[in-house]
Amino acid sequence: MQRHAKWTAMILTIVAGVSWMLMGNSKPKNTTSTSQPPATERGLAKVSNAPISSADVTSKIELLGRPFTKTPYANNVWDMQLYNGKIYLGHGNISNLGVAPNSGPIPVIYYDTANTKFKTQSVTNSNPGILPSTKMYVDEEQIYIYRVLNDKLYIPSNDSDSEKWELGNFYRLDGEV
């Protein structure tokens, strides 16, 4: 299957190249006046010719710490979500291959902006089919994304670490619990 896809991609590339050579320059001629801004989906947009200026903030970059203790790839931040004055960091690794396969279970780590420290959020199981328990991680290989809906923070399951795949997992943080 993969070999077939490679040949298909190669053939399409060759056909596109030959078509481009036969057509010559494929860019359409610009027949619009340069004094008018280009049309957009919402109508004509007014474009400013003012130069864009930005300040160099290199000297203000500050190392806040190294909150992750997993393998290097799993230490990448995949998502950041502000919730109740805390910045939650998505991290981990769902790959089954490579030098750092699967990284679960994953701690829910956030940066507390009020105390300027990284902390780990406790996770309480409220599934009625499982005995209630509190732990310092989610049973996932990676936290890929966070979402805030109706003032609650959600983590949709990405790759379960120890749970069955029949129903999937999701996690909700309601306030501080």
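Guide: Welcome! This is a predicted model, in which local features need pLDDT of at least 70, side-chain atom pairs count only at pLDDT 80 or more, and totals for chains, interfaces and linings use all residues. Residues are numbered from 1 along each chain as its sequence is written, and side-chain values use heavy atoms, with hydrogens and water left out.

Visitor: Why is S103 called buried?
Guide: Buried means under 20% relative accessible area, exposed over 50%, and partly exposed in between, with a 1.4 Å probe and protein chains only. S103 has 6% relative accessibility, so S103 counts as buried. Buried residues make up 21% of the 177 residues in the protein.

Visitor: Where is S103 found, and between which strands?
Guide: S103 is in the loop between strand 4 (86-90) and strand 5 (108-112). Strands are DSSP runs of E with at least two residues, helices are runs of H or I with at least four, and both are numbered from the N terminus.

Visitor: What is S103 in contact with, leaving aside its neighbours within four places in sequence?
Guide: Contact means heavy atoms within 4.5 Å. By that rule S103 is in contact with K70, T71, A74, G92, N93 and E141. K70 is 33 residues from S103 in sequence, yet their C-alpha atoms are 6.8 Å apart.

Visitor: What makes a nonpolar core?
Guide: A nonpolar core is a set of buried Ala, Val, Leu, Ile, Met, Phe, Trp, Tyr and Cys residues joined through side-chain atoms within 4.5 Å. The largest one here has 13 residues, and Y88, V108, V138, I143, Y146, L153 and I155 touch the most other members. Strand 5, strand 10 (152-156) and strand 11 (170-173) each supply at least two residues of this core.

Visitor: Which strands form the open sheet, and what makes two strands a pair?
Guide: Two strands pair if DSSP finds at least two bridges between them. Strand 10 and strand 11 pair in the antiparallel sense over four bridges, and I155 has Y171 in strand 11 as its bridge partner. The open sheet has three strands in the order 9-10-11. Its edge strands are strand 9 (147-149) and strand 11, each pairing on one side only.

Visitor: Which residues form the aromatic cluster?
Guide: Y83, Y88, Y110 and Y146 form one cluster. Rings of Phe, Tyr and Trp (its six-membered ring) pair if their centres lie within 6.5 Å; planes under 30 degrees apart count as stacked, over 60 as edge-to-face and the rest as tilted. A search of the whole structure finds four such pairs.
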